[in-house]
Amino acid sequence: MSDKHSHPLNVNGEPRAFFGRRSGKRLHKGQDRLYAELLPALEIKLPEATLDPAMLFAGKSRRAIEVGYGGGEHLSRVASENPDTGFIGCEVFSGGIAKLLEAIDERELGNVRLFTDDALKLLVKLPPASLDAAFLLYPDPWPKSRHHKRRFISPTTLAELARVLKPGAVFRFATDIEDYANWTLAHILREPTFRFLTPEPGSWHVPYPGWQPTRYEQKARREGRMISFYFEFQRV
Ligand SMILES: C[S@@+](CC[C@H](N)C(=O)[O-])C[C@H]1O[C@@H](n2cnc3c(N)ncnc32)[C@H](O)[C@@H]1O
């Protein structure tokens, strides 16, 4: 089920569409309640002008973003492990948003804010050098060549990530799809503002320290895709 939403942004002067699933199974009652009561307190509404992430997280010394957090397994874990960092989670799928709301509620996380639309819409509102880290873990692979342009990694999104990350900030990208790993390297090596921190082929497959498989990674393993690429790039 694919849902096309027009996008106000321009990629080299062309409109960019967003393709993805926004809703699936009905939410259960507890999730409905969290959607009605907790989400409004955490949801980021984009201002006309700039969105300063420092204003979202009073008293936090660092700020990070996760794009497409799915069920939020990684985001809720890193948020509870790093209480001094404010995390912006971007996800459009209601089932995933509901799962993360449950984790935020259960663990009483006070350092997560949510954006429920295309992450690129938020990235373009952020000031330069305003984030300390970015995560893109198992983005939708869009395996068919004619769909490659729907992949989240593109010259536009990389230029935006480069703009909003502080010098020294780390961008982590993981995938189980070799073609998407190649795609990302090919794009990022053209972006001189990123340094590849895991250039030796052997290191690509070593999970990040403290890593726990996300829901999508578990699904990949069940389906026989046993190897992942765990890339790390640094904003120079
Ligand atoms: C393959 S899933 C992986 C989810 C999770 N990171 C994991 O590893 O389990 C990709 C997720 O990215 C979300 N997504 C895709 N494009 C997005 C965008 N432009 N902004 C925000 N979320 C997006 C999708 O809704 C989907 O839940």
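Student: How do the axes of helix α4 and helix α5 cross?
Tutor: This is a predicted model. In it, the axes of α4, residues 73–81, and α5, residues 94–107, come within 9 Å. They cross at roughly 25°.
Student: Why do we need both values, the angle and the distance?
Tutor: Two packed helices are described by the angle between their axes and by the distance between those axes.
Student: Are α4 and α5 roughly parallel or roughly antiparallel?
Tutor: Roughly parallel, because angles under 35 degrees count as such.
Student: And is the crossing right-handed or left-handed?
Tutor: Right-handed, as α4 passes α5.
Student: New topic: the ligand. Which residues come nearest?
Tutor: There are 18 residues around the ligand, and G68, E91, D118, L137 and T214 come nearest.
Student: What does E91 do there, in terms of distance?
Tutor: A polar atom of the E91 side chain lies 2.5 Å from a ligand oxygen. T214 also has a side-chain N or O atom, 2.7 Å from an oxygen atom of the ligand.
Student: How much of the ligand does the protein cover?
Tutor: It covers 90% of the 600 Å² of accessible area that the ligand has on its own.
Student: How does the shell divide?
Tutor: Into 10 nonpolar, 3 polar and 5 charged residues.

Notes
Residues numbered from 1 in each chain as written. Predicted model: local features only at pLDDT ≥ 70, side-chain atom pairs only at ≥ 80, totals over all residues. Heavy atoms only, no water. Near = heavy atom within 4 Å. Polar contact = N/O pair within 3.5 Å; in protein donor to acceptor, adjacent residues only side chain to side chain. Areas by Shrake-Rupley, 256 points an atom, 1.4 Å probe, with all protein chains shown as cover. Nonpolar A, V, L, I, M, F, W, Y, C, P; charged D, E, K, R; others polar. Axes fitted to C-alpha atoms, helices over the stretch in contact; angles between N-to-C directions. Helix = DSSP H or I, 4+ residues; strand = E, 2+ residues; numbered from the N terminus. Parallel < 35°, antiparallel > 145°, perpendicular 65-115°, else oblique. Left-handed = near helix turned anticlockwise from the far one by under 90°.
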